[in-house]
Amino acid sequence: MKFKTFFAFVAPSVFMMTLFIALPLVSVFIQSFQITQPVMQQLEVETCTPGFITQTCVTELKTVPIIGEDGKIQTTTQWVGLQSYRNVLQMDKVWEALSSGRLGDILQIDFWKALRFTLMFTLLTLPLVIGVGLLIALTVNNAARAFRGPVIFVSLLPFIVTPVIGALSIYWLFVGDGILTAMMERWSGTNISMFAQAWTIELLMYFYRVWHVAPFAFVIFYAGLQTVNMDTLESAVIDGASRWERLRHVIIPHLMPLIVFIALIHLMDCYRVFDEIIGFRSQAHVISLQWLTVDFLTPDDAGNRAIARASASAMLTMIGIVFLLILPLRRTWRDHKGGAH
Amino acid sequence: MMLKKLVLAGAISLMGTTAFAACSYENTTEIKMLSAGFEAWKAVADAMAECGNFQAELDQEFRTKQPSAFEANPALYHLGGVSNGTVTPLLNAETIRPLDDLVAKYGQNLSPNQLIRIDGKIMAVAMMVNTQHLMYREDILSDLGIETPTSWDEIYAAAAKIKEAGVVDHPLGATMKSGWNLAQEFVNMYPGFGGALFNDDNTTAVNSEAGLKALETMKAGMTFMDPEVLVSDSTYVQQQFQQGKIAMANLWASRAAAMNDEAESQVVGKVKMAGAPTAMEGGAPATTLWWDGIVVAANITDEEADAAFKLAMEGMDTEMVQANNDAAIWLIDGFTPGPLSEGAIATATANPAPPAYPSTTQMGLLHTALGNEIPAFLTGERDAAATLVAIDEAYTTAAKEAGVLK
């Protein structure tokens, strides 16, 4: 392809990526080293608020921002180096916990608590998603042709559900005396509260994520299965290879690039786990890195937002994703180079 | 398709004919309002809509939208529904206008009590007060021979009896959803033990004896609550009441009317209201006082502000209050306190009186810190003393970042 044609095709995409991904990323990167705050002054203010019958007026010293000449709050921006990262990571507390041997204390710091869950969630669901996806794909591939259409349709359904809605549905099925909890209670004869402790919430989260994402893996694997070399398979049968050996030595090596591809996508998606936290209202027990960033960004009733810490937390999340992706990316790169000669 | 259009057209024309029925004038300026979505706001918004050309956005997430919507020029809404908790960012950024001239022009029916004055200028007009009050199942308590509790100790004693009798799933309900709701429970309990939230230099004072007591009292209640109480917000507690699953809760007064809503409630007429319980002998009820009211945007023309305020006065008139008497503890003329408001009025008029929720920048930061740090204490991961230290640290970090602490 001529460079000009190539350029014409990719230019819109490059433009969009720069505008919506690269530039915001640079801006977040810069903001993570800055703190922008309003200029505050202390004023004596008399505030009168209603009681039920008469008003109460109090005069107190209030800290309020100064309004500039343009009618907006005056702000100052300072370079603070790694201060926001320190605020998020709280390394001093981590060292203290390490040196005193109370490792559990580390998990009481929001960032590390979130990191623990995010990593565990990502790494535990990964093999499950690939395994379940492959299982469905093999089952469908071996099903009679007449059933395939309906089976594919049904298996794809979870993937169509909007993630937040899916998470909410699971929440409603299990919270309090939800239908499924009530059923489990009748069956076991004990009172079950799925949202009262961290481990049951996490279990539901793993279940939900695998249920939701496995169809994606299934579609990809199913497509891959259509291209397995039938000659190799047949000769394996003649050589007396069992079903398991054929899967292990013929089908899986053939699907390997797809497995890596799904792993890549899943790692990227899962590390940004967020919907489950909101849908399950699990903030008291389980939080994720992405939730932490959003929580910093959400204004409180007085309108304060911790933009600097949110930026730092977002950058840390990105660094985490890069670390996770190095392994599978190196493999793809090797395969890519291997395929070139 | 055709049929749908016809039905739609019919509905719209019907609305057109009845629209101005109950309004004393016809509003010709397009007015928009953003407010919370509970019963009282629905009533006010409906009354305002009767005058025409009015759009209300009733959204429980209004608090996160309002500051930027009012900062836009022209502002995205003319009117805002606020409370003493959420008016702070609008006051700080001066995106709402002083109402003195408009009150003089249209506010003949307002009582002085309704006018929220900041440094003498009227910045908002309150329509109702809100607070927590003790809601209890009168039938259950009288069956078990329990007197109406007036303090948290008595509530727990009553809860123990109710639990023993096994008449409901959980004796107590509470709005302990981690985050804002849970923080509010602490902000209620803590002043009840005589604690001050802040020192004079803007540092927080929660790391104190009263803080320890407040946390321990909150935790003591959890044995009588749904194990999943850390996900329950006001609506959830309201539903637990309506479905007869709980017997007592210290809940928002604005939720009282729902107990007698025959479409939703299985306990119509059985829930009674009493003043919010005290935390200690001789102390104020363990709650905070709130008001809800309207503000007018600064970034709109004077004509629009004029029309918006006139419309708001029409929505907040005696007629509306008489039609929705039980929806709130109205401050507006024409309100007759009924049995549903007994508890809230007892709370508000108690001596010593509970404090008003502070409208300050620091309070927002502290509220967030409380909401994020208390869950670890209630789940047992951390003891009370360490939790108070963590709250102090979280607040200090946030306050330094926000510029209120050096």
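Where is B:Glu94 found? In this predicted model, B:Glu94 sits in the loop between helix H4 (88-92) and helix H5 (100-106) of chain B. Helices (H or I, at least four residues) and strands (E, at least two) are DSSP runs, numbered from the N terminus. Residues are numbered from 1 along each chain as its sequence is written, and chains are lettered from A and ligands numbered from 1 in the order in which they are written. Local features need pLDDT of at least 70 and side-chain atom pairs count only at pLDDT 80 or more, while totals for chains, interfaces and linings use all residues; side-chain values use heavy atoms, with hydrogens and water left out.

Back to the backbone of chain B. Most residues other than glycine have a negative phi, and most peptide bonds are trans. B:Glu94 is not a glycine, yet its phi is positive, at about 55°. B:Asn53 also has a positive phi, near 55°, and is found in the loop between helix H2 (39-49) and strand E2 (54-58) of chain B. With 36% relative accessibility, B:Asn53 counts as partly exposed (buried means under 20% relative accessible area, exposed over 50%, partly exposed in between, with a 1.4 Å probe and protein chains only). As for cis peptide bonds, one joins B:Asn73 and B:Pro74, with omega about 0°, and B:Pro74 lies in the loop between helix H3 (62-71) and strand E3 (79-83) of chain B. Another runs from B:Asn351 to B:Pro352, with omega near -5°; B:Pro352 belongs to the loop between helix H13 (342-348) and helix H14 (361-378) of chain B.

Next come the strands. Strand E6 (residues 132-137) of chain B has 6 of its 6 residues buried, so it is largely enclosed by the rest of the structure. B:Gln132, B:Leu134 and B:Tyr136 point one way from E6(B), while B:His133, B:Met135 and B:Arg137 point the other way. Two strands pair if DSSP finds at least two bridges between them. E6(B) pairs antiparallel with strand E8 (residues 246-252) of chain B over 5 bridges, and B:Gln132 has B:Trp252 as its bridge partner there. E6(B) also runs antiparallel to strand E9 (residues 271-274) of chain B, with 4 bridges; here B:Arg137 is partnered by B:Val271.

In chain A, E2(A) and strand E3 (residues 55-65) pair in the antiparallel sense over 11 bridges, and a hairpin of 4 residues joins them. E2(A) reaches chain B too, with 2 bridges to E4(B) in an antiparallel run, where A:Cys48 stands opposite B:Arg117.

Those two strands turn up again around a cavity. On a 1 Å grid over the protein atoms alone, a cavity is a set of points where a 1.4 Å probe fits but cannot get out, and lining residues have an atom within 4 Å of a point. The second largest cavity holds about 50 Å³ of space. Strand E2 (40-50) of chain A, together with strand E4 (115-118) and strand E5 (121-130) of chain B, each supply at least two residues of its lining. Residues from both chains line this cavity, including A:Thr47, A:Thr49, B:Ile116 and B:Trp291. The largest cavity, at about 80 Å³, is lined by 14 residues, with B:Ala253, B:Asp326, B:Ala328, B:Ile329 and B:Leu340 nearest its centre. A volume is the space filled by probe spheres set on the points, and grid points are joined across faces, edges and corners.

Technical notes
1 Å grid on protein atoms, 1.4 Å probe; cavity = no way out; pocket = protein on both sides within 12 Å on 5 of 7 lines; lining within 4 Å.
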